[in-house]
Amino acid sequence: MKQINFQNDVLPLKNKLYRLALRITQNNEDAEDIVQDTLLKIWKRRASWDTIESMESYSMTICRNLSLDVLRKKEHTTTPLSTVMDHESGIQVAPDDNIIQRDKIQLVQNAINRLPEKQRTTMQLRDFEGKSYKEIAEILNISEAQVKVNIFRARQTIKDLFEKIENDGL
């Protein structure tokens, strides 16, 4: 088993942990606190690191659980995903196209924010973090089949929203 080093193996996960916590809590300050709490919990459990198969999955699981605890304590309204998405593509577009693109991004953000927590988190881990179905299943403590169902339903909800907008307009 690989020797785990906090600085080399855990600290580089900080940004991923932050994005996950932010996606769940929808609050920058809560996400920052959760990341600190996650890192502290991992550090306190350093005696058992040699039993951990994947430090990343272990860290993400702790972060998710802490995020859900915060969410349960507070009844948050949603915050736009724009705080974690990078809109800079480097491609020059016409101002009208830019406005349309921004509106579409906002619609997707709002749709994602309205998804049930498990679908939202599953989508975050798969589409934004690039996790495999197996990794997501481990992090969320659900089956790979349920991961696929959650991702399908989340994507279907967003697709249906766009089809409705295309057919009916805003």
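E29, E32, D33 and D37 form a negative surface patch in this predicted model. D33 belongs to helix 3, which covers residues 28-44. Its relative accessible area is 46%, so D33 is partly exposed. Patch residues must have over 30% relative accessible area and no salt bridge, and D33 clears that area cut-off because its value is 46%.

Next, helix 2. This helix runs over residues 14-25 and holds 12 residues. How far apart are the end C-alpha atoms of helix 2? They are 16 Å apart. Buried residues in helix 2 are L17, L20, A21, L22, R23, I24 and T25. Q26 follows helix 2 and has a positive phi, near 65°.

Charge pairing comes next. Side chains of opposite charge can pair when their charged atoms come close. The model has 6 salt bridges by the rule used here. The table lists some of them.

| Salt bridge | N to O distance |
|---|---|
| K16 and E56 | 3.1 Å |
| E129 and R19 | 2.7 Å |
| E56 and K131 | 1.7 Å |

Take K16 and E56 first. Their closest N and O atoms are 3.1 Å apart. K16 sits in helix 2 and E56 in helix 4 (residues 55-73), so this pair ties together parts 40 residues apart in sequence. K16 counts as partly exposed because its relative accessibility is 25%.

R19 pairs with E129 in a salt bridge, at 2.7 Å from N to O. R19 is in helix 2, while E129 is in the loop between helix 6 (117-128) and helix 7 (133-140), so the pair links parts 110 residues apart in sequence. Is E129 buried or exposed? E129 counts as buried, because its relative accessibility is 10%. R19 is partly exposed, with a relative accessible area of 28%.

E56 also meets K131 in a salt bridge, where N and O are 1.7 Å apart. K131 lies in the loop between helix 6 and helix 7 and E56 in helix 4, so parts 75 residues apart in sequence are tied together. K131 has 3% relative accessibility and therefore counts as buried.

Key: Residues numbered from 1 in each chain as written. Predicted model: local features only at pLDDT ≥ 70, side-chain atom pairs only at ≥ 80, totals over all residues. Heavy atoms only, no water. Patch = residues over 30% accessible without salt bridge, like charges linked within 9 Å, V, L, I, M, F, W, Y side chains within 5 Å. Areas by Shrake-Rupley, 256 points an atom, 1.4 Å probe, with all protein chains shown as cover. Salt bridge = Lys/Arg side-chain N within 4 Å of Asp/Glu carboxyl O. Lys, Arg positive; Asp, Glu negative; His and termini not counted. Charge placed at Lys NZ, Arg CZ, Asp CG, Glu CD. Helix = DSSP H or I, 4+ residues; strand = E, 2+ residues; numbered from the N terminus. Buried < 20%, exposed > 50% of the residue type's maximum accessible area, 1.4 Å probe, protein only. Expected span 1.5 Å × (residues − 1).
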